[in-house]
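Please consider the following account of side-chain pairing and helix packing, to be read alongside the coordinates.

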Amino acid sequence: MIDAPRDTGVAVALFASTNVDDVLVLIGFFSDPRYRPRQIVAGQFLGIAALVLASLAGALLSLVVAPAWLGLMGLVPIALGLRRLLPARDEEAEAAGGKAPVGHALAVAGVTIANGGDNLGIYTPVFATSPGPRLLLFVAVFALMTGLWLALAHRLVHHPALGAPIRRIGRVATPFVLIGIGVMVLVEAGTMSSFTRWAARG
């Protein structure tokens, strides 16, 4: 048996506490005319789904793959951030047609997954001790919360009063936010220290 009100509250707290920074990233994507809303929505849902599945398999994964290797996912947001800092060759053309929708959706998913280290660390032990009905409830709540996060970020970007300054700030700040997230992932996973030790031996 599960306690639906209590478990729903736990699921909301789990999602909110591990995805606060995702709102800033989503604001950056919604501020970028090269990304269409449906691409961002698809990518965010894909990224969250991947994190949930990885958490369900987290105990086994941690035995097979060293955290330092998983930390290499941090290179995804770093690459995206650096790309945004480079002078755009033809942003208007890219916004009109541009990159394939699948590519943009995968870029959003990649950032979500790379920024999901805390998700994995918190979800895995909770999932491991939860019965099937509670897991289904968690997945349903996470899906609803993902939609809420997307709606919040989209609303902020298109708010009559706040939208314009948020879009300006988002375009400027997002590359640095992405790079910062990538570096944080590399450091917290121990990838940087492992690379330093390897370089010192070489």
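How many salt bridges does the count come to? The count comes to three, a salt bridge being a side-chain nitrogen of Lys or Arg within 4 Å of a carboxyl oxygen of Asp or Glu. The model is predicted, so local features need pLDDT of at least 70 and side-chain atom pairs count only at pLDDT 80 or more, while totals for chains, interfaces and linings use all residues. Residues are numbered from 1 along each chain as its sequence is written, and side-chain values use heavy atoms, with hydrogens and water left out.

Asp-7 pairs with Arg-6, the closest N and O atoms being 3.1 Å apart, and with Arg-134, at 3.2 Å. The latter pair links distant parts of the chain, since Arg-134 lies in helix H10 and Asp-7 in helix H1 (residues 4-18), 127 residues apart. Asp-7 is buried at 2% relative accessible area (buried means under 20%, exposed over 50%, partly exposed in between, with a 1.4 Å probe and protein chains only). Arg-134 is also buried, at 15%, whereas Arg-6 is partly exposed at 47%.

The remaining salt bridge joins Arg-34 and Asp-32 (2.9 Å, N to O). Arg-34 is buried at 14%, and Asp-32 is buried at 6%. Shared partners join Arg-6, Asp-7 and Arg-134 into one network.

Helix packing comes next. H3 (residues 37-56) and H10 (residues 132-157) pack at about 150°, with their axes 11 Å apart. H3 is therefore roughly antiparallel to H10, a term for angles over 145 degrees.

How values were computed
Axes fitted to C-alpha atoms, helices over the stretch in contact; angles between N-to-C directions. Helix = DSSP H or I, 4+ residues; strand = E, 2+ residues; numbered from the N terminus. Parallel < 35°, antiparallel > 145°, perpendicular 65-115°, else oblique.
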